[in-house]
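Welcome, and take a moment to turn the model around before reading on. The notes below walk through some of its features.

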Amino acid sequence: MPASIFGVLARLGLQALATYNGESIFPLAYVQATGCFTMGVGLRMKVPFGNFYGPLYTAMTTGFCGSLTTFSGWQVDIFDSWVNSGQFYRGGLRDFIDGFTKTWVTLVLSLASLNFGVYVCGVVQPYIPAPRPPSKIVRYTLTILAILTYAATLPAYFFLPHNFRHQATAALLFSFPGTLTRYLLSINLNPRLKTMPLGTFMANSLGTALLGFFRVLQGFPSAVSPDTCSLLQGLGDGYCGCLTTISTFAAEIGTLPGYKAVSYTIISWITGQLLLLVIMGSSFWTGHVSEQMTCSFQTS
């Protein structure tokens, strides 16, 4: 539970840090690279983590890295480039180049960061002594703290200033349900297909479709209320961001044979874009929904 919360906080913080005028690279690139590098470290430490405290490995990889990286955010970012939602003064060819750049840069950067994390951890690991496994009391204490940490997101949402809701607290509220949904889909569906991890594919596709739907709701001509707008933002950043993952996606690509890895990548990308084309594209081009957000957040 805390791993999902920390993953969301890291993602939102990195995006805010990397968003500025004249930025050299799109902000999500930092998010995906950081998450995949950490995932590489986690994969290399799977056996030591298992010997020390098994849930720590799941918390780091599925929880933190899976919540830090986002497949749905990547897909919507690409689609925003295709339709030029930022209303930049450029032609259709430049829109295509921008979306294509976000596609291949993310894929290359994620796979490279994953492998670099595995390599760096392999170099450092022999010099790190193995700690003793925690006692039963410590394990129970960690479990209680994990539950209390997630429980604290509810009062944080209601009692912290309202302008925190769209920035973080709404996303924290929906973070663990998104991670839990992805985990359940993975353990139940991944073994069913040998050609590709079906659970991760379903999680990424479902999260992308939901994020597109939430974006449409935020662009209605008759704007939703500020509280609803904050909740929609929280569902997008929290639930969809944690439901979908690039770090696991990259790790799975690395373990599949050549043609299966390529087909898994292409099918996942095309499915995401087709879903957004149906959900967002049809709403934009019929003139019923704005490509920019029409609702506003509370500022006090």
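How many residues does helix α5 have, and what distance does α5 reach from its first C-alpha to its last? Helix α5, residues 92–124, has 33 residues and reaches 47 Å, close to the 48 Å expected at 1.5 Å a residue. The expected span here is 1.5 Å times one less than the number of residues in the helix. Helices are DSSP runs (H or I, at least four residues), and they are numbered from the N terminus.

A word on the ground rules. This is a predicted model, in which local features need pLDDT of at least 70 and side-chain atom pairs count only at pLDDT 80 or more, while totals for chains, interfaces and linings use all residues. Residues are numbered from 1 along each chain as its sequence is written, and side-chain values use heavy atoms, with hydrogens and water left out.

Buried means under 20% relative accessible area, exposed means over 50%, and partly exposed lies in between (1.4 Å probe, protein chains only). By that rule, the buried residues of α5 include Asp95, Gly99, Lys102, Thr106, Ser110 and Cys121. What covers the buried residues of α5 includes α2 (28–44), α4, α12 (247–255) and α13.

Helix α8 is mostly covered, with seven of its nine residues buried. Arg165 is one of these, along with Ala168, Thr169, Ala170, Ala171, Leu172 and Leu173. Among the elements covering them are α1, α6 (136–151), α7 (153–159), α9 (175–189) and α11.

**Nonpolar cores**

In soluble globular proteins, nonpolar side chains tend to be buried together. A nonpolar core is a set of buried Ala, Val, Leu, Ile, Met, Phe, Trp, Tyr and Cys residues joined through side-chain atoms within 4.5 Å. The largest one in this model has 21 residues, and those with the most contacts inside it are Phe79, Phe214, Met280 and Phe284. Helices α4 (71–83), α8 (165–173), α10 (198–217), α11 and α13 each supply at least two residues of this core. Another core, of 17 residues, lies apart from it, with Ile78, Phe249, Ala251 and Leu256 among its members.

Which residues does Phe79 touch, not counting residues up to four places away in sequence? They are Gln273, Leu276, Leu277, Met280, Gly281, Phe284 and Trp285. Contact here means heavy atoms within 4.5 Å.

**Cysteines**

A disulfide is a covalent bond between the sulfur atoms of two cysteines. The search for one looks for a pair of cysteine sulfur atoms within 2.5 Å, and across the whole structure it finds one. That disulfide joins Cys229 and Cys295, whose sulfur atoms are 2.0 Å apart. The link is right-handed, with 55° about the S-S bond. Cys229 lies in helix α11 (residues 226–243) and Cys295 in the segment after α13 (258–285), so the pair ties together parts that are 66 residues apart in sequence.

Cys36 is in no disulfide, and the nearest cysteine sulfur, that of Cys65, is 8.1 Å away. Cys121 is in no disulfide either, with the sulfur of Cys65 nearest at 12 Å.

| Cysteine | Relative accessibility | State |
|---|---|---|
| Cys229 | 0% | buried |
| Cys295 | 7% | buried |
| Cys36 | 0% | buried |
| Cys121 | 8% | buried |

On a 1 Å grid over the protein atoms alone, a cavity is a set of points where a 1.4 Å probe fits but cannot get out, and a pocket is an open set with protein on both sides within 12 Å along at least five of seven lines; lining residues have an atom within 4 Å of a point. Grid points are joined across faces, edges and corners, and a volume is the space filled by probe spheres set on the points.

The whole structure holds one cavity of 30 Å³ or more. The largest cavity has a volume of about 40 Å³, and the largest share of its lining, four residues, comes from α5. Its lining residues include Thr106, Ser110, Phe249 and Ile253.

The largest pocket holds about 1,200 Å³ of space. It is lined by 43 residues, and Gln15, Leu28, Asp77, Asp80 and Arg215 lie nearest its centre.
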